[in-house]
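Me: I am new to reading protein structures. Could you walk me through one, feature by feature?

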Amino acid sequence: MTAFVDVPEQAEAKRLLEASLADGQAHAFLFHGPRGVGKRSAARAFAGTLLDDPRRVDAGTHPDLRVIEALGEMIRIDEIRALHHDLHMRPFEADRRVYLLLDAHLLNDEAAAALLKDLEEPPEYATLVLVADELGPLPDTIRSRCQLVPFRRLSRAAVERWVAERAPELSADEKALVARVAGGRLDRAARLLDPEARERRTELLRAARAAYLDPEFDVAAAAAMVLASARARGAAARELELGLVDGLELPAREAEQRVKRVEFGAEKEELLASLEDLAAWYRDLVVVAAGADAPVVHADRLAELREDASGREAGAEVAAAAVRQAWRDAEEFNLSASLLLEALFVRIRRAFG
């Protein structure tokens, strides 16, 4: 399993992929599972092995690799039409072409229908790899034409090892705490190691508490804070991507789309992560009120949770449900983030009376 040495755990996924590399029969794969558990890393490792050039695949510069991502809130039919045109071009260097369709759960109906035709009869030299955070939005017809490759949440021990490699200066207790709060996801662990992300989380949880502790709680200010965090993350990702694009000699339009895609993706990722943290806080209140500390997500804030939990169980349950619904709306629909957040904080405030 040397191809997937940088992907922690995921024994079932690795077994399926190693078998596919050995027999070379399947031409369409669907990697599915939660965010932050190694799907994208495994997809690139798989592509690198198929094209026999991991270095250029990782850099995104191999001529026989095409990566398709959502530009905005969904993958539209134009992207799939471009893929279809490209799909019938012979390989430039390798003996095959590889297509990574990231965020496949964001295919709109037209795009999914168009993709189905290519999944049914792909050229013999083409391998399509779809990567999805969830199977639900994908039509059964697409799922049935792909080899499903499942990815699971990582064990706490695996996350702790990952944290230790990237932050060896942390104490054993601090590494264990980060691994616990990460909940089996490396993207959450990375946010907990980033000083700016930690500060954003501190501000978010301050607002989460203020919704039931502060009689003068400002709904608009709380929404603006979350939105500003998302935009700051997007701006940082944009600057980083601009630096990378400058060295790739891409056509102007392709470079612009790539930068926009990265900026939008980072903003949305930060917004969804903030909503996850917010929902987890109110769920933790319910859990702590019931006397069960072990399942708490925000384990580093256990003292505050114990202080706040008594008598707020019912409101916290309603608030958690409201945040989960906001997360689904933000994930599935092209909504105004500011309006969504303001409406959410109004519901949270009302939940606590």
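**Reading the overall fold**

Reply: Gladly! Keep in mind that this is a predicted model. Let us start with overall form: with 353 residues, a compact globule would have a radius of gyration near 20 Å, and the protein has 22 Å, which agrees.

Me: How many helices and strands does the protein have?

Reply: There are 15 helices and five strands. As for extent, the C-alpha trace spans about 65 × 40 × 40 Å along its principal axes.

Me: What share of the contacts joins residues 24 or more positions apart?

Reply: Here we look at contacts with a separation of 6 or more, and 73% of them are between residues 24 or more positions apart.

Me: Let me try single residues. Is Asp-58 buried or exposed?

Reply: A residue is called exposed when its relative accessible area is over 50%. Asp-58 has 56% relative accessibility, so it counts as exposed. You will find Asp-58 in helix α3, residues 54-59.

Me: How far is Asp-58 from Arg-15 in sequence and in space?

Reply: Asp-58 and Arg-15 are 43 residues apart in sequence, and their C-alpha atoms are 22 Å apart in space.

Me: Which residues is Glu-79 in contact with, leaving aside its neighbours within four places in sequence?

Reply: Glu-79 is in contact with Ile-68 and Arg-261.

Me: How does one look for pockets?

Reply: Rolling a probe the size of a water molecule over the atoms shows where empty space is left. In this protein, the second largest pocket holds about 630 Å³ of space. It is lined by 26 residues, and those closest to its centre are Arg-153, Arg-185, Arg-188, Glu-276 and Ala-280.

Me: Which elements give two or more residues to that lining?

Reply: They are α8 (172-182), α12 (252-289) and α14 (313-332).

Me: What classes of residue make up the lining of the second largest pocket?

Reply: Sorted by class, the lining has 14 charged, 11 nonpolar and one polar residue.

Methods:
Residues are numbered from 1 along each chain as its sequence is written. This is a predicted model: local features need pLDDT of at least 70, side-chain atom pairs count only at pLDDT 80 or more; totals for chains, interfaces and linings use all residues. Side-chain values use heavy atoms; hydrogens and water are left out. On a 1 Å grid over the protein atoms alone, a cavity is a set of points where a 1.4 Å probe fits but cannot get out, and a pocket is an open set with protein on both sides within 12 Å along at least five of seven lines; lining residues have an atom within 4 Å of a point. Grid points are joined across faces, edges and corners, and a volume is the space filled by probe spheres set on the points. Helices (H or I, at least four residues) and strands (E, at least two) are DSSP runs, numbered from the N terminus. Ala, Val, Leu, Ile, Met, Phe, Trp, Tyr, Cys and Pro count as nonpolar, Asp, Glu, Lys and Arg as charged, and the others, Gly among them, as polar. The radius of gyration is taken over C-alpha atoms; the globule rule is 2.2 Å times the number of residues to the power 0.38. Contact means heavy atoms within 4.5 Å. Buried means under 20% relative accessible area, exposed over 50%, partly exposed in between (1.4 Å probe, protein chains only).
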